[in-house]
Amino acid sequence: MSLPSSSNLPLKAIPGDYGLPFFGAIKDRLDYFYHEGTDEFFRTRMQKYQSTVFRSNMVPGPFMARNPKVVVLLDAISFPILFDTSKVEKKDVFVATYMPSINFTGGYRMCAYLDPSEPKHAIFKGLFLSTLATRHNKFIPLYRSSLSQLFIELEDEFSSKGKVYFNDYCNKMSFSFLANLFCDRNPSSTILATDKVTKFFDSWLLFQLAPLMTLGLPKILNFLEDIVLHTFPLPSLLLKCDYKKFYEVFNEYAKSILDEAESLGIKRDEACHNLVFLVCFNSYGGMKTTLPALIKWVGLAGEELQRRLAEEIRTVVRSEGGVTMAALEKMSLTKSVAWEALRIEPPVPFQYGHAKEDLVIHNHDAAFEIKKGEMICGYQPFATKDPRIFERPEEFVGDRFVGEEGEKLLKYVYWSNGREIDDPTVRNKQCPAKNLVVLLSRVMLVEFFLRYDTFTIEAGTLPLGSTATFTSMSKATSS
């Protein structure tokens, strides 16, 4: 694949505008949520300006965000500027052009909102990377145990009702896995093991991310929803009491992590709030979107891909004598399917950053100047479906990343706030659990196809993410 050199591209002014002060941002917000929808919002402007780089307002706008003006990036070539923390500042832009109140997190700014230039960023991210490294031997056996319970519960409901909604059971399994992974001892006797835990943290996530979503209510209620969700922050006070209960469990059951944090000079209270955020926002929030999307796309891909996965998985597990890291590395199709799901439906669709200096970026066709201080917004589902990089970009192609040529495309898979070929460090903002997420997706497929030959699903959408409901599950005819 031959890509143009930036030095050979013409320098063009960035097309687009922000409209009238205040009213332009409101108009764009209404278009984004109610008149066009997310993808159409970007597609119509990309077509209007004949450019994958343009100016627009981004949600939520007034009064949630002080400045909704952004430069939008929609292609695979310009998007990676958002990973270069020497050129782009990532302070307080983890979710959007606004930052949720620190009252949701004990009064502290979490590591996710820190720029790598801030001293605490390296300390916290180093702690997270160290925590994951010391637990790597637990990943597969603990996750397989959690999945075994998941499949028992799915089968029970499927056998009684003839269909089963995957998301709720997946959420329960995900939180159980994470609680056992990060706690020093099994928290089964605590509030973390109750049905209340996923309901609370779903609400906790919703209160922080409400300005980015619509609930799909009847049109007559759009105005009311826009005022409630997108104009003013939802009050953290409503969740404070229950949040404290969960915080106290982590404070008691994750002492080894908090002891290490204190040895690094971090206040124990601040470290515990960061741990809650890591487990319940970053990790649980990621799993509750990533795993249903994976099942959805494999289900929609149909029987041929499913039988190929089952054959590969069973053949390798049989030859390797079990589900091990070495076995997983030999499953090229399984790896590719996990990456393809992350490409076609990334769990975090947006990346933001402020230009630290005057920049010149480029897409496939032109170069553009961005001024110091301007906000840059990348919409990843368009960048990772760039038709000039990927063939059949809108299709789920399970074997897209198989083989040497397929793996060359991994540098254009950006779901982790970085290239798939890169690794998280204390100097970047790439997800510290990037490799774990891919591992969990692969093991999910392995455990599924050791039990089942094929399945069908009904797919749906949530305000943030997808749903999958099993409508048939054909048990394995060979092991």
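I take contact to mean heavy atoms within 4.5 Å. With that in hand I looked up Met444, which touches Tyr143, Leu147, Leu150, Phe151, Phe166, Met173, Leu291, Leu294 and Ile295, leaving aside residues up to four places away in sequence.

Before going on, I noted that this is a predicted model, in which local features need pLDDT of at least 70 and side-chain atom pairs count only at pLDDT 80 or more, while totals for chains, interfaces and linings use all residues. Residues are numbered from 1 along each chain as its sequence is written, and side-chain values use heavy atoms, with hydrogens and water left out.

Cores. I looked for nonpolar cores, meaning sets of buried Ala, Val, Leu, Ile, Met, Phe, Trp, Tyr and Cys residues joined through side-chain atoms within 4.5 Å, where buried is under 20% relative accessible area, exposed over 50% and partly exposed in between, with a 1.4 Å probe and protein chains only. The largest core has 127 residues, and those with the most contacts inside it are Phe42, Met58, Tyr143, Phe201, Trp204, Met444 and Phe470. Its largest share, 17 residues, comes from helix 10 (residues 268–301); helices (H or I, at least four residues) and strands (E, at least two) are DSSP runs numbered from the N terminus. I also found a second, separate core of 33 residues, which includes Phe83, Val88, Trp339 and Ile389.

Aromatic rings. I paired rings of Phe, Tyr and Trp (its six-membered ring) if their centres lie within 6.5 Å, with planes under 30 degrees apart counted as stacked, over 60 as edge-to-face and the rest as tilted. By this rule the count comes to 45 aromatic pairs. Tyr49 and Phe54 make a tilted pair, 5.7 Å centre to centre with 40° between the planes, and Phe54 is buried at a relative accessible area of 0%. Phe79 and Phe83 make an edge-to-face pair, 5.7 Å centre to centre with 65° between the planes, and both Phe79 and Phe83 are buried.

Charges over rings. I counted a charge over a ring if NZ of Lys or CZ of Arg is within 6 Å of the ring centre and within 35 degrees of the ring normal. Arg45 lies over the face of Phe41 at 3.8 Å from the ring centre, and the charged end of Arg343 sits over the ring of Phe390, 5.1 Å from its centre.

Strands. I took two strands to pair if DSSP finds at least two bridges between them. An open sheet of three strands runs in the order 1-8-7 with mixed pairing, and its edge strands are strand 1 (11–12) and strand 7 (359–362). Strand 7 pairs with strand 8 (residues 367–370) in the antiparallel sense over four bridges, and Val360 stands opposite Glu369 in strand 8.
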